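Open the model in your viewer and colour it by chain. This tour tells you what to select at each stop and what you will find there.

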Amino acid sequence: MAQLEIDNLSVEFRTRHGVVRALESVTLSVARGEIVGVVGESGSGKSVTAYTVMGLNDEAAEITSGRITMGGIDLLAARPEALRELRGREMAMIFQSPRTALNPIRKVGKQIEDVLLEHANLPRRNLKKAAIAALARVRIPDPERRAEAYPFELSGGMCQRVMIAMALACTPSVLIADEPTTGLDVTTQAVIMDLIRDMSRSTRMSTLLITHDLGLAGEYCDRIAVMHAGHIVEIAATETLLDHPAHPYTRQLLAATPVPDSRLYSLTSIPGQLPDLRSALPPCRFSGRCERHQPICDERELPWAQLSPAHIVRCRFPL
Amino acid sequence: MSLIVLARNTGYAFGENRLTLAAAVILALLALCALFGPSLAPFDPLTTAAAAKLAPPSTLHPFGTDALGRDILSRVIVAARLDLGMAISAVALSFLVGLALGSLAGYFGGWTDRIVGRVMDTIMAFPLFVLAMGIVVALGNSVLNIIIATMIINLPFYCRFARSAVNVRRDLGYVEAARMGGNGSLMVLLNHIVPNILPPMMVQASLNMGWAILNAAGLSFIGLGVRPPTPEWGIMVSEGASYIISGEWWAFMFPGAALVLAVFCFNMLGDGLRDLLDPRKRV
Amino acid sequence: MAPLLEARSLTKFYPIKRAARGAKLHAVDNVDLMIGAGESVGLVGESGCGKSTIVRLLGRLIDPTAGQILLDGEDITAMSQARFVSTPGRRRIQVVFQDATESLNPSFRAFQSIADPLKRLLGLRKGGEIAKRVRSTAALVGLPQELLQRYPHQLSGGQRARVGIARAIAVEPSLLILDEPTSALDVSVQAVILRLLADLRDRLAMSYLFVSHDLNVVRLLCSRVVVMYLGKIVEIAPAETLFTGPRHPYTQALVAAIPDPARRGEARPRLDGSPTSPIDPDPNACRFYGRCPKSADLCAEAMPPLRAVGPDHFAACHFALSPVGGNP
């Protein structure tokens, strides 16, 4: 059974300039110990998905349909107090820009202790040791000394490890990583991603990795979900997605992503722009940019096509 | 910015915020009073009439009369010119000088910054109103000296603002690009950086206007600066204050209300002005 | 053939105010670099390696502490950068900045941003002439004419990138330094901009110095790549050679860290830790010592010189003898 299930989720934002239909019918599941990547460009809705699962959305956000269940618990129906308890203990999130996500005026060891105090029911005298153990688990050298440091004294990579330590302190069953390595050097990125992967495997944690980097998702994820303009357009096992993409957008995204053996003139771009999410939209939000577009794509509701047990695509004319 | 674009943006900014619009309208009325005061006033503000002294508000004298029988409404209208005039002049001067000094200090740093900083620190070391009083006493009681005093005590405010605003922008990409594009330091400052700091500074100026009006009125209230019988809100409040106990409230209330209204409206205008001038809001 | 640009012993130290007397941050330390006419050179390295400082030094935005920069054989560091602005050399080196750091003036329309260097560097005065140049440059970078009247906040990321490029090439520079020009762009837009850059380079016969943290992108656009670490050059090689057969352990770690879907699940050697301090580093030790998997006694005793390890291939390592690792 999947640990995290998102079923037919739709989210709208009420803004001064209209209602933005940020997510529509998003369906996704993550099993125990699985790493699922959510890949998309800016405006695709991948961050909104992450924030909705954690319940961290802005007040202007409204969930107009759908269910999110974690370990059988309906997150959307939960009371705020119950949700707060779950957050940090059963589900955790790590963010982009680690240095800004940490409290700048509190020592990192103390910040981990705060998490433990809130969620782990440890007696106070064991907190400090547990915090140091958490730092050691993410392979921070000299954890006793580092626990006394402030975020500004640590490098970006180190701060991200602290954030991971905080997230994993209570061994959650679900981890959401929102662009965890954007802005970090490539060598640091490799170390952090290896760490996330190892922790995920060893604690059988369901991990949702949000990223714009298809190459990164390709190396670390078991399955990948591709998002475009608030829709999930394709979900498949990684090898299948990379070798046999079924959705035109996925194929174009792959063709536009530089990988080690790319050639400049084989890199293509994706024509057109994201549709305005405030306006009336056709059933398939990619239709304005799709080369396989047919009039019927704009008329009827967009179906899900199950190409194989693990491969679904939201397209009338999959490749 | 062409006039058409300005008008369109003005409509846009005011459409968004009714309060700003109301403030602007009231200020426009006050500006009218300032410009055409003497023609608008029903009575001569200086003519005394001992018989009608301290008459309560009536149809003939909507604001009543003061201790010398002068029509308060007329005096309030005519005083607008002086109060607004002094405040605007002082703020304008402070703004320009503060902008210049602060920009230079923020961009060049080093000794320029140190010297400007010390001068501003010296000004701020004094309680500002006391400093203003001292300047007026030293230079003599006159409208010009009130303006100078108000300008001096407001200078650090603009100077610091400009300095930090320029400092923040000095290392941004577009400034480096401007240097690459052949602009010398002064050109970079004038053409590339200053246009970007003007909008927030003008918002500050608008908020500062209220303070400047109070400052000028305050100096007159305590007897420095403007002398009777010149109509000026501060003096009028001062003169009218002595009659509160005897129940003749209108003598200080109406000029006081004019002061409050003017300060309030300038504050309200501040935000609207920022929306008007922010290039990011331009359509 | 004389190179277009040559940097000799280029050095930039920053004094540290609060630390011990005379302590200096070695941002760039004795760098020798050559860029030929029409050549595309990539510059890679991690944060703190000095590549941003190199951009500012070669772009003549700051003055070096020591060393020279020769443009067509002429020393352009003989005068301060303030003076350089008024020499004819200024227009020959231009920089395209990273889009994300507000490289366009928010109160300038696109037209003004592109026109400004034309006025200052080429001395164009007549409105008609300026407009003609701006329009033709906009056409060259694929920027629709009607977008010229827009402000940066009204343009998309890709459009802003084009304005930044137009502004730099309007004065027809010989060397274009590109500092992470596509890192803020979506991958679909990046592809277009990269192809545009390749086209422009060929059409306008410019040389490029392409600075990026994205090694895949550098590999696409550059013929030669320079790798920096803590202010020093550790390897220079033709692009393909660098990625398939790097010799310096740091480059090897860098190349191994590039995410590669083809290597899913493979455990690869990882470079952990952080660079040592750039403040007053030991001049007699390799900067990579301690973090390098090969760290030997020799490495702590002598700074390895940058020497040839193959055709056009240089590495600064005592053990850069046989190739190990790299991406095929």
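Keep in mind throughout that the model is predicted.

**Stop 1: chain A as a whole**

Chain A has twelve helices and twelve strands. Its radius of gyration is 20 Å, close to the 20 Å given by the globule rule for 319 residues, so chain A is as compact as a globular protein of that length. Of the 319 residues in chain A, 48% are buried. Among contacts in this chain between residues at least 6 apart in sequence, 64% join residues at least 24 apart.

**Stop 2: a sheet in chain A**

Zoom in on strand 5 of chain A and on strand 4, which covers residues 61–70. The two pair in the antiparallel sense over two bridges. To see one bridge pair, pick A:M70 and its partner in strand 5, A:I73.

**Stop 3: a hairpin in chain A**

Move along chain A to strand 11 (residues 305–308) and strand 12 (residues 311–313). These strands run antiparallel and are joined by three bridges. A hairpin of two residues connects strand 11 to strand 12. For a bridge pair here, select A:Q306 and its partner in strand 12, A:I312.

**Stop 4: chain B**

How many helices and strands does chain B have? The secondary structure comes to ten helices and zero strands. The C-alpha atoms of chain B fill a box of roughly 75 × 45 × 30 Å along the principal axes. Buried residues make up 47% of the 283 residues in chain B. Of the contacts in chain B with a separation of 6 or more, 70% are between residues 24 or more positions apart.

**Stop 5: which chains touch**

Bring all the chains back into view. Chain A and chain B do not touch, and their nearest C-alpha atoms are 11 Å apart. Two pairs of chains do touch, and the most contacts are between chains A and C.

Start with that pair. The contact takes 30 residues from chain A and 32 residues from chain C. On the chain A side, the elements that give two or more residues are helix 8 (186–203), helix 9 (214–220), helix 10 (238–243) and helix 11 (248–256). Helix 8 of chain A gives the largest share, six residues. By class, this side of chain A has 13 nonpolar, twelve polar and five charged residues.

Then go to chains B and C, where the contact takes 18 residues from chain B and 22 residues from chain C. On the chain B side, helix 7 (173–180) and helix 8 (185–221) are the elements that give two or more residues. The largest share, seven residues, comes from helix 7 of chain B. This side of chain B has seven nonpolar, seven polar and four charged residues.

**Stop 6: an enclosed helix in chain C**

Select residues 249–256 of chain C, which are helix 9 of that chain. Is this helix largely enclosed or left open? Eight of its eight residues are buried, so helix 9 of chain C is largely enclosed by the rest of the structure. Among these buried residues are C:P249, C:Y250 and C:A256.

**Stop 7: the largest nonpolar core**

Finish with the largest nonpolar core, which has 278 residues. Those that touch the most other members are A:A165, A:L209, C:L58 and C:L209. Helix 3 (residues 72–108) of chain B gives the most to this core, with 19 residues. Centre the view on C:L209. Leaving aside neighbours within four places in sequence, C:L209 is in contact with C:I35, C:V41, C:L43, C:L58, C:L175 and C:I177.

Terms used: Residues are numbered from 1 along each chain as its sequence is written. Chains are lettered from A and ligands numbered from 1 in the order in which they are written. This is a predicted model: local features need pLDDT of at least 70, side-chain atom pairs count only at pLDDT 80 or more; totals for chains, interfaces and linings use all residues. Two residues are in contact if their C-beta atoms, placed from the backbone, lie within 7 Å. Helices (H or I, at least four residues) and strands (E, at least two) are DSSP runs, numbered from the N terminus. Ala, Val, Leu, Ile, Met, Phe, Trp, Tyr, Cys and Pro count as nonpolar, Asp, Glu, Lys and Arg as charged, and the others, Gly among them, as polar. A residue is buried if 20 or more other C-beta atoms lie within 10 Å of its own, exposed if 12 or fewer, and partly exposed in between; C-beta atoms are placed from the backbone. A nonpolar core is a set of buried Ala, Val, Leu, Ile, Met, Phe, Trp, Tyr and Cys residues joined through C-beta atoms within 7 Å. The radius of gyration is taken over C-alpha atoms; the globule rule is 2.2 Å times the number of residues to the power 0.38. Two strands pair if DSSP finds at least two bridges between them.
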